[in-house]
Amino acid sequence: PYRACVGIVLARPDGRIFGGERVDTPGAWQMPQGGVDPGEGTRDAALRELREETGLRADAVSVEHKLSKLVTYDLPVDLIPVLWKGRFRGQKQRWYLIRYDGPDSAVDIAGPPREFARWQWMTPDQVLASIVPFKRAVYARVLDELGPHI
C-alpha cells in the first residue's frame with residue numbers, strides 16, 4: 001500500500017524553489033509535502049500542507065500547474081517499519097506548482113509540527129543535489145515536467 005500524498009514545488013518568479021532541511025534528518029532537504037486527509041482533495045491538501053510547513057496562506061500564493069500523473073516511490077526497506085507505523089511501503093503523490101511572490105519574512109517554518117530546521121530558495125539543480133537519494137528520481141521527474149513552467 002502507498003500513502004496518498006501531495007508535493008509542492010513552491011517557486012518564486014525568478015525560478016528559485018523553496019527547499020527545507022528536515023528537522024529529523026540534518027542534511028536532507030526537500031520541498032513541502034504531506035498526506036491527504038480522508039475526504040480531502042489533493043489541491044486542498046497541497047494548500048493545507050503549504051500552510052502547515054511554510055506558514056503561507058492560500059491567498060498569498062497561486063496554484064499554477066499540477067503534474068499530469070501520480071508519482072509513486074518506495075521507501076528504503078529500513079525506513080518502512082519506522083515511518084507511518086509500517087503501514088505503507090511508500091507514497092503516491094500528486095505534485096503542484098505553486099507560485100509565491102511575497103516577502104521572505106512571511107515564510108514561517110516554526111509552527112507545529114515543525115518539519116524544517118531551516119529553509120532557502122534553491123535552483124532546481126540545488127534541490128536535486130540536496131534531496132535524499134531515494135527521492136531523487138521522483139524530484140527529477142517532477143522538475144522535468146514542471147520545469148518549463150517554473
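Colleague: So buried means under 20% relative accessible area, exposed over 50% and partly exposed in between (1.4 Å probe, protein chains only). Is Trp121 buried or exposed?

Modeller: Buried, because its relative accessibility is 13%. Keep in mind that this is a predicted model, where local features need pLDDT of at least 70, side-chain atom pairs count only at pLDDT 80 or more, and totals for chains, interfaces and linings use all residues. Residues are numbered from 1 along each chain as its sequence is written, and side-chain values use heavy atoms, with hydrogens and water left out.

Colleague: Okay. And how accessible is Phe18?

Modeller: Phe18 sits at 0% relative accessibility, so Phe18 is buried.

Colleague: Switching to rings: how many aromatic pairs are there?

Modeller: Six. Rings of Phe, Tyr and Trp (its six-membered ring) pair if their centres lie within 6.5 Å; planes under 30 degrees apart are stacked, over 60 edge-to-face, the rest tilted. One of the pairs is Phe18 with Trp121, which is edge-to-face because the planes are at 80 degrees, with the centres 6.2 Å apart.

Colleague: Where do those two sit in the chain?

Modeller: Phe18 is in strand E2 (residues 17-22) and Trp121 in strand E8 (residues 116-122), so to speak distant parts of the chain, 103 residues apart. Strands (E, at least two residues) and helices (H or I, at least four) are DSSP runs, numbered from the N terminus.

Colleague: What kind of pair do Tyr73 and Phe134 make?

Modeller: A tilted one, because their planes are at 45 degrees; the ring centres are 6.0 Å apart. Tyr73 belongs to strand E6 (residues 71-74), while Phe134 is in the loop between helix H2 (124-130) and helix H3 (136-146), so the pair ties together parts 61 residues apart in sequence. Tyr73 is buried at 6% relative accessible area, whereas Phe134 is partly exposed at 27%.

Colleague: New topic, H3. Which residues are buried there?

Modeller: Val138, Tyr139, Val142, Leu143 and Leu146 are buried in H3. They cover an arc of only 120 degrees around the axis, so they are on the same side of H3. That arc is taken from the directions from the helix axis to the C-beta atoms.

Colleague: What's exposed on the other side of H3?

Modeller: Ala137 and Asp144.
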